[in-house]
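Biologist: Let us go through this model term by term. I want each label set against its value.

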Amino acid sequence: MTRRKINLALQGGGAHGAFTWGALDRLLDEDQVDIEGISATSAGAMNAAALKHGWMTGGSDGAKKSLADFWLRLAGLDASIPDPVMDWLRVVSPAPDVIARALEFNPAVIASDAMTRVLSPYQFNPVNYHPLRSIVDDLLDFENVCAVEGPKLFVTATHVKSGKPRVFSGDGITTDAILASACLPTLYQAIQIEDPKTGEMESYWDGGYMGNPALFPLFYNTESPDILIVHINPLERDDLPHTSTEILNRINEISFNASLLRELRAIDLVNRLTEQGIIEKGRMKHHFIHSVRDDAFMSQLGIATKITPNKALLLQLHDAGHMAMDTFLREHWKDLGQRNSVDLRAMFS
């Protein structure tokens, strides 16, 4: 196979980010793929940072181990758990839709949801405890994450005051930057990060509101024309949501896909203007867009499964992502560097 250099765009979506873990796990098996840049948001940012940390310490095998360490730690499992035990967990686990329904009607989940609709995180969590901070601090060495070598990382968060995206890169990627990118304002207090231009502390929320993920950092900071998007939030659902939970979940998916679809529309416009000769070739970068997704699988899930790292479901998400990436590589390897492997206009129109 011809060697390919690509960029990755990793969506956020809470615990559903285990789907991306599986997709990256499969991609890292390919010796003929070089990852030049990764733009990521929320859970995607955690995947990106874990991949870069592991890559710097042990190449693709190190990246795979680092990703597994992160997600198994999140699930409360030991990263050294034997493969036969993991396989047994997969066999005895209920189907994804069964897990989703069970969590949706779990009294603890219902109580937590009701509390976040009445109280803000400044009220129910005044000490500002963040459950992910210790995991990120313990598992990631930011000298590796911020290293010049290896894939370039771009992590997006939303600036609360202006509503604009802020992209963290290089030494700017810290534990706070990653937590800011994943900061849902109904669950966590805004993350405070110093503005290097003013020296003042600024507040940030989840980057998905303004870029899930942001593609523009890849336009200007990488050479590869290929952008491979790993989707977590379904672009389409066949069934009309009826319950309040289903409606809120679909609103969340639509809003978190909106910024991505706008950027895809812009890419399509520039590509068409270049192809028609209206824009001189070479003046603007021509991009090829690719997509790894499994809307059928992800449509079985909802808000409850995003905020609850269920052990069985995380493994099922990993396997679904692994399979989706495997299918992409088999069917679209020859498209890399040559053409889009998705119909862009069908995605946003």
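Modeller: Start with Leu317. Beyond its neighbours within four places in sequence, Leu317 is in contact with Ala15, His16, Ala18, Phe19, Phe297, Met298 and Leu301. Bear in mind that this is a predicted model.

Biologist: What makes these residues contacts of Leu317?

Modeller: Contact asks for heavy atoms within 4.5 Å. Leu317 meets that with residues including Phe19 and Phe297.

Biologist: Which residues touch the most other members of the largest nonpolar core?

Modeller: Leu8, Ile38, Ile173, Leu317 and Met325 do, in a core of 74 residues. Helix 2 gives the most to this core, with twelve residues. There is also a second, separate core of 14 residues, with Ile227, Ile267, Ile289 and Met347 among them.

Biologist: Which residues of helix 1 meet helix 14?

Modeller: Ala18, Phe19, Trp21, Gly22, Ala23, Asp25, Arg26 and Leu27 do. On the helix 14 side, the partners include Leu317, Ala324, Met325 and Leu329. By class, this contact has twelve nonpolar, four polar and three charged residues.

Biologist: Ala324 is on that list. What makes Ala324 count as buried?

Modeller: Its relative accessibility is 13%. Buried means under 20%. Ala324 is therefore buried. Ala324 lies in helix 14, residues 311-332. Away from its sequence neighbours up to four places off, Ala324 touches Phe19, Val292 and Arg293.

Biologist: Turn to helix 1 and helix 2. How do you know that helix 1 and helix 2 are roughly antiparallel?

Modeller: The axes of helix 1 (residues 18-27) and helix 2 (residues 43-74) cross at roughly 150°. Over 145 degrees counts as roughly antiparallel. The pair is therefore roughly antiparallel. These axes come within 9 Å, and the crossing is left-handed.

Biologist: Which residues of helix 1 meet helix 2?

Modeller: Ala18, Thr20, Trp21, Leu24 and Asp25. They meet Asn47, Leu51, Lys64, Leu67, Ala68, Trp71 and Leu72 in helix 2. This contact has eight nonpolar, two polar and two charged residues.

Biologist: Why is Leu67 called buried?

Modeller: Leu67, in helix 2, has a relative accessible area of 0%. The limit for buried is under 20%, so Leu67 qualifies. Leaving aside neighbours within four places in sequence, Leu67 is in contact with Trp21, Leu24, Leu28, Asn47, Ala50 and Leu51. Its C-alpha atom is 9.1 Å from that of Gly22, which is 45 residues away along the chain.

Biologist: Is Lys5 buried, exposed or partly exposed, and what makes it so?

Modeller: Lys5 has 40% relative accessibility. Buried means under 20% and exposed over 50%. Lys5 falls in between, so Lys5 counts as partly exposed. Lys5 sits in strand 1, residues 4-10. Beyond four places in sequence, Lys5 touches Asp34, Glu36, Glu223, Ser224 and Asp226.

Biologist: Why do Ser42 and Asn128 get the accessibility labels they have?

Modeller: Ser42 is at 6%, under the 20% limit, so Ser42 counts as buried. Asn128 is at 38%, between 20% and 50%, so Asn128 counts as partly exposed.

Biologist: Which peptide bond is cis, and what is its omega?

Modeller: The bond from Asn212 to Pro213, with omega near -5°. Pro213 is in the loop between strand 6 (201-206) and helix 10 (216-221).

Methods:
Residues are numbered from 1 along each chain as its sequence is written. This is a predicted model: local features need pLDDT of at least 70, side-chain atom pairs count only at pLDDT 80 or more; totals for chains, interfaces and linings use all residues. Side-chain values use heavy atoms; hydrogens and water are left out. Axes are lines fitted to C-alpha atoms, for helices over the stretch in contact, and angles run from 0 to 180 degrees between N-to-C directions. Helices (H or I, at least four residues) and strands (E, at least two) are DSSP runs, numbered from the N terminus. Angles under 35 degrees count as roughly parallel, over 145 as roughly antiparallel, 65 to 115 as roughly perpendicular and the rest as oblique. A crossing is left-handed if the near helix is turned anticlockwise from the far one by less than a right angle, and right-handed if clockwise. Ala, Val, Leu, Ile, Met, Phe, Trp, Tyr, Cys and Pro count as nonpolar, Asp, Glu, Lys and Arg as charged, and the others, Gly among them, as polar. A nonpolar core is a set of buried Ala, Val, Leu, Ile, Met, Phe, Trp, Tyr and Cys residues joined through side-chain atoms within 4.5 Å. Buried means under 20% relative accessible area, exposed over 50%, partly exposed in between (1.4 Å probe, protein chains only).
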